[in-house]
Amino acid sequence: MKKDIFGKALLDFYNGDATEDIITSTSISEEDVLPLAYLFRSYSEMPKIEQEALKLSKGKVLDVGCGSGSHSLYLQEKGFEVKAIDVSEGAVEVSKKRGVMNVEKLALLDEKETFDTILILMNGTGVFQKLKDVPMYLNHLKALLHENGQILIDSSDIKYMFEDEDGGFWQDLNAGYFGEVDYYLSYKEEKEEPMKWLYLDFSTLNIACASVGLHCEIVYEGEYFDYLAKISLAPSKPESIT
């Protein structure tokens, strides 16, 4: 059972009780510090890739994995109708306290409303967890889109982490897709149960989208193998004239 350490950390920071930051690691990387202040960033403090996603947002917006609500608050202030969801009870509570008007503790697969823009940021493809589950998630997201709607999702191609000095690819091919990792989180000496996390290279995401009738394109490329993709309903083919 998850302890919601992430939510506890957000609440501590919001209430001024944070004495340390979150520690993260994955099955392929060492421990790293995730500063709690970063999770409360303003638009000007956000990475360019997130700023671009917010600029491209339109209509009724769903903010998936809203965290402390920073993206939702920015869009709300711009006059957008926003619904924010997160599986962390603490994140939902903090988002409410910060002024997000419509926020709910809800898993993405349990969402039923429809939207013009679905935002899935901070390595959004991580919510898919496993490569085999990507088509299932994409089909669900497809059902949540209005006719001219869009999904704005970011990720990173981490294949570079498996290259040797000569450019060779050294990952064990029996280990499955290289972007599937175990993600670990700890805070104040308390550890969360490890969760599955997925980094998707664009080619793999593009193929998965096409397989379920979605169009996918890169709308922004970052400096560190990261990218922002726009996913939309694939245009229907014109009927042939016989």
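The exercises below go through a predicted model, each with a worked solution.

Residues are numbered from 1 along each chain as its sequence is written. Local features need pLDDT of at least 70 and side-chain atom pairs count only at pLDDT 80 or more, while totals for chains, interfaces and linings use all residues; side-chain values use heavy atoms, with hydrogens and water left out.

**Exercise 1. The sheet**

Task: State which strands form the open sheet, and in what order.

Solution. 
- Step 1. Strands are DSSP runs (E, at least two residues), as helices are (H or I, at least four), and both are numbered from the N terminus. Two strands pair if DSSP finds at least two bridges between them.
- Step 2. The order of the 7 strands is β5-β4-β3-β6-β7-β12-β11, with mixed pairing.
- Step 3. The edges are β5 (103–105) and β11 (214–221); each has a single partner strand, so one side of each has no neighbour in the sheet.
- Step 4. From one strand to the next the twist averages 20°. Axes here are lines fitted to C-alpha atoms, for helices over the stretch in contact, and angles run from 0 to 180 degrees between N-to-C directions.

**Exercise 2. Two strand pairs**

Task: Find the sense in which β6 pairs with β7, and β3 with β4.

Solution. 
- Step 1. Strands of a sheet pair through backbone hydrogen bonds, either parallel or antiparallel.
- Step 2. The pairing of β6 with β7 (residues 145–156) is parallel, over 5 bridges. Ile-120 has Ile-153 in β7 as its bridge partner.
- Step 3. The pairing of β3 with β4 is also parallel, over 4 bridges. Here Leu-62 is opposite Lys-83 in β4.

**Exercise 3. The covering of β4**

Task: Decide whether the residues of β4 are buried or exposed, and name the helices that touch this strand.

Solution. 
- Step 1. Buried means under 20% relative accessible area, exposed over 50%, and partly exposed in between (1.4 Å probe, protein chains only).
- Step 2. In β4, 5 of its 5 residues are buried. Val-82, Ala-84 and Asp-86 are on one side, Lys-83 and Ile-85 on the other, and both faces are covered.
- Step 3. Helix α3 (residues 70–77) packs on the sheet and touches β3 (61–64), β4 (82–86) and β6, with its direction at about 175° to that of β4. Contact means heavy atoms within 4.5 Å.
- Step 4. Helix α4 (residues 89–98) lies across β4 and β5, and runs at about 165° to β5.

**Exercise 4. The cores**

Task: Name the residues of the largest nonpolar core that touch the most other members.

Solution. 
- Step 1. A nonpolar core is a set of buried Ala, Val, Leu, Ile, Met, Phe, Trp, Tyr and Cys residues joined through side-chain atoms within 4.5 Å.
- Step 2. The largest such core has 48 residues, and those touching the most other members are Ile-118, Phe-128, Leu-138, Leu-205 and Ile-231.
- Step 3. Apart from neighbours within four places in sequence, the contacts of Ile-231 include Leu-138, Ile-153, Leu-205 and Cys-216.
- Step 4. A separate second core of 12 residues has Ala-53, Val-61, Leu-75 and Leu-121 among its members.

**Exercise 5. Aromatic rings**

Task: Count the aromatic pairs and classify Phe-128 with Tyr-137 and Tyr-183 with Trp-197.

Solution. 
- Step 1. Rings of Phe, Tyr and Trp (its six-membered ring) pair if their centres lie within 6.5 Å; planes under 30 degrees apart count as stacked, over 60 as edge-to-face and the rest as tilted.
- Step 2. There are 6 aromatic pairs in the structure. Phe-128 and Tyr-137 are 5.4 Å apart centre to centre with 45° between the planes, a tilted pair. Phe-128 and Tyr-137 are both buried.
- Step 3. For Tyr-183 and Trp-197 the centres are 5.7 Å apart and the planes at 35°, so this pair is tilted. Tyr-183 is in strand β8 (residues 180–187) and Trp-197 in strand β10 (residues 195–198), so the pair ties together parts 14 residues apart in sequence. Tyr-183 and Trp-197 are buried.
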